[in-house]
Amino acid sequence: MALNGQPRVELAASDREVVIEVEELTKTFGPVPVLNGIDLKIRRSEVVCIIGPSGSGKSTLLRCLAFLDPYTGGRVSIEGQLLGYKQQGERRLMQGHRELAKVRRNVGMVFQHFNLWPHMTALENVALALRVTRKLKADQAEREAREALSKVGLGDKAGNYPSQLSGGQQQRVAIARALAMKPHVILFDEPTSALDPELVGEVLGVMRQLAVEGMTMAIVTHEMGFAAQMADTVVFMDRGVILEQGSPDEIFKNPRNDRLKQFLDTWRTRSF
Amino acid sequence: MEFLHIAWAYKEMLLVGAATTAVISGASILLGMPLGLAFAFGLVSHNRPIRLFCAVYRSFWRGTPLLVQILLVFYLLPSIGLDLSPVTAAVLALILNTSAFQAEIFRGGLSAVPKGQVEAAQMLGIAPITIRRRIVIPQLLRLVTPAITNEFISILKNSSIISVISVTELLRTGQQIVSATYRPLEVYGLIAIIYIVMNLVIAQLGRRAEARLARGARA
C-alpha cells in the first residue's frame, strides 16, 4: 500500500518475519471437508485480504487461525509456536486453555457481529481483559482503555453501553478492545458485513489507520475497494482452497484463474 | 366479622407461621440457586459423566412429587444415621427440589447468551472461570429473573406440603387454629389471603430486580 506515493514498508516483503504460518491446513465439519490444504504466510506489517464467494471457507480459515474452530490436519504457527495442539510422540493433543491462551496472546480478533458484552460500558468492555489478562491495576487499565477508545475516535463514548451505540461505533469499540491488548496481529472476520452501508466507512477508516501504522492484519472481507487499496496481498479462496494469491494489481487487474475472473465479474455487475 | 376476629385473636401465631413459611422458602430458593447454577453448567458440560450425572439428578428431582421427596428425605436420612429436625429435612428437600428446576432455568438462560461473546473473551485470554463470572452469569441473571421469580412463588406455595412432617409453617398454623375455633372456612380463607399477599410481594421484588438488571441490557 502506498502513502504519499511511498511504499509503506521499505523492507522487501519477502524479508519480513513470518507472523502466522499455515501449512497444509485441512478442516472438516464431521464428514464435510471445508478447508482442503491451505498454505499461507502472513508477514510482519502485512495486510492480507481474503476474498471469495460465500461458503468458500474464508471465515473458517480465519477462525482456524484463532483456533476458534480447531483445524483437522496440517499446522498453524503463530510467531513460531504451534497453535492449538501439542505433539506427544506420534499423537497430537489439544492444548489446554492456558497453553492455548499463551500461543494466542498476541492475536487479536474482530468479529462480524462485534460480540461486545452488552452489560458493560464501552470502557468496561475494553478494560476487562486489561485487568484480568494483562493484570493491570484499575487506574492503569482505565487509562489504556480510554487511550484505545480515543484511537478509534470514541473517547467521548466510554460510558455508553453497546445498546446506546451505532453498529459502526460498536465495531470500533470491538477494535479498541482488541487493540488495547497490544496484539502483533489482528484477524478481522467480515468486520463490516453486519453494518448499514453508511456506517461501513468509519470502520474501514480505523482499519486503514491501523494498516498505515504497520499493524499486521488478516481480513476476510467483501469490501473489494478496501482490499484493492489497502492490501499487500489478496487471497482468493473457493471451495476450501486458495486458487490465487498476489498483489491487488495482480488479483484485480490481471486475474488468471477462471473462477476468480467470474467472481470479480459478478462483483462488478452487482456494484452497478 | 368472624374472619377479622380470628385474624386479630391469632395474629401472633399467624405472623410466626407466615414468617416460618417465608424463611424456609427464601432459604431454599437462595441456597438452591448456586446448586442450580452448578447443575446448569454440569448439564452443558463437555464431560460426559458429569453431564449424565446432572441429567439424572435433574430428572429425579423434577420427576417425582415434592411430597414423596419430603417424606424420603425425612425418613431416609435418619435411617443412614443423620438425625435431622423436621425443619432441616424440609429445607433440604426443598433445596434439592428447587435446584433441579433452577438448573433447567439457568440452562435455558445459558443458551441465550450468544456464543460469540464467549469467543471474544477467549480471544482476549480471559480464563473460563472469569468468563462465566464476569460475562455469562451477569447476563444469565437478567435473563432468568422472571423464571426464578416464578420458581420462588412455586416454592412458597409448595412449602405448605412440609406441614406433613409437622413443621409449623403457615398452613399447619391454620390447622391448629381450626382445631381451636372450629371455623375451617374463615381460617383457610385467611391463610389463602396471607399466601397471596406474600406472593404479591415476591412478584413485586422480581419486577424490581428485573428493572435493575436491565440497565444497559440488550445487544
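Reader: How much area do chain B and chain A bury between them?

Author: Two sentences of background come first. This is a predicted model, in which local features need pLDDT of at least 70 and side-chain atom pairs count only at pLDDT 80 or more, while totals for chains, interfaces and linings use all residues; side-chain values use heavy atoms, with hydrogens and water left out. Residues are numbered from 1 along each chain as its sequence is written, and chains are lettered from A and ligands numbered from 1 in the order in which they are written.

Author: The size of an interface is often given as the accessible area lost when the parts come together. Buried area is the accessible area (1.4 Å probe) that two parts lose on being put together, summed over both. Here chain B and chain A bury about 2000 Å² between them, and 67% of this lies on carbon and sulfur atoms. On the side of chain B, the residues that lose the most area to chain A are E119(B), M123(B) and L124(B), which together account for 34% of what that side buries.

Reader: How many residues does each chain bring to the contact?

Author: Contact means heavy atoms within 4.5 Å. Chain B supplies 23 residues and chain A supplies 24 residues.

Reader: How many salt bridges are there between chain B and chain A, and how many over all chains?

Author: A salt bridge is a side-chain nitrogen of Lys or Arg within 4 Å of a carboxyl oxygen of Asp or Glu. By this rule there are 23 salt bridges over all chains, and the count between chain B and chain A is one. E119(B) forms a salt bridge with R63(A), with the closest N and O atoms 2.7 Å apart.

Reader: Where in chain A do R146(A) and E142(A) lie?

Author: Helices (H or I, at least four residues) and strands (E, at least two) are DSSP runs, numbered from the N terminus. R146(A) and E142(A) are both in helix 4 (residues 138-151) of chain A, four residues apart, which is about one turn of the helix. Their side chains meet in a salt bridge of 3.0 Å, N to O.

Reader: Is R146(A) buried, partly exposed or exposed?

Author: Buried means under 20% relative accessible area, exposed over 50%, and partly exposed in between (1.4 Å probe, protein chains only). R146(A) is partly exposed because its relative accessible area is 37%, and E142(A) is partly exposed at 35%.

Reader: Which parts of chain A does the pair K151(A) and E213(A) tie together?

Author: These two residues form a salt bridge whose closest N and O atoms are 2.7 Å apart. K151(A) lies in helix 4 of chain A and E213(A) in the loop between helix 6 and strand 12 (216-220) of chain A, so the pair ties together parts that are 62 residues apart in sequence. K151(A) is partly exposed, at 31% relative accessible area, and E213(A) is also partly exposed, at 48%.

Author: Another salt bridge joins the side chains of E244(A) and R256(A), at 3.4 Å, N to O. E244(A) belongs to strand 14 (residues 241-246) of chain A, whereas R256(A) is in the loop between helix 8 (248-253) and helix 9 (258-270) of chain A; the pair, twelve residues apart, links distant parts of the chain. E244(A) counts as buried, at 6% relative accessibility, but R256(A) counts as exposed, at 58%.

Reader: Which residues have the most contacts inside the largest nonpolar core?

Author: In soluble globular proteins, nonpolar side chains tend to be buried together. A nonpolar core is a set of buried Ala, Val, Leu, Ile, Met, Phe, Trp, Tyr and Cys residues joined through side-chain atoms within 4.5 Å. The largest one has 74 residues, and those with the most contacts inside it are L149(A), I175(A), F188(A), M207(A) and M217(A). Helix 6 (residues 197-212) of chain A gives the most to this core, namely eight residues.

Reader: Which residues does F188(A) touch?

Author: Not counting residues up to four places away in sequence, F188(A) touches L62(A), V110(A), I175(A), M207(A), L210(A), M217(A), A218(A), I219(A) and V220(A). A second, separate core of 36 residues includes V48(A), L100(A), F111(A) and A218(A).

Reader: What is the value of phi in E190(A), and where does this residue lie?

Author: Phi of E190(A) is near 45°, a positive value in a residue other than glycine. E190(A) lies in the loop between strand 11 (185-189) and helix 6 of chain A, and counts as buried at 11% relative accessibility.
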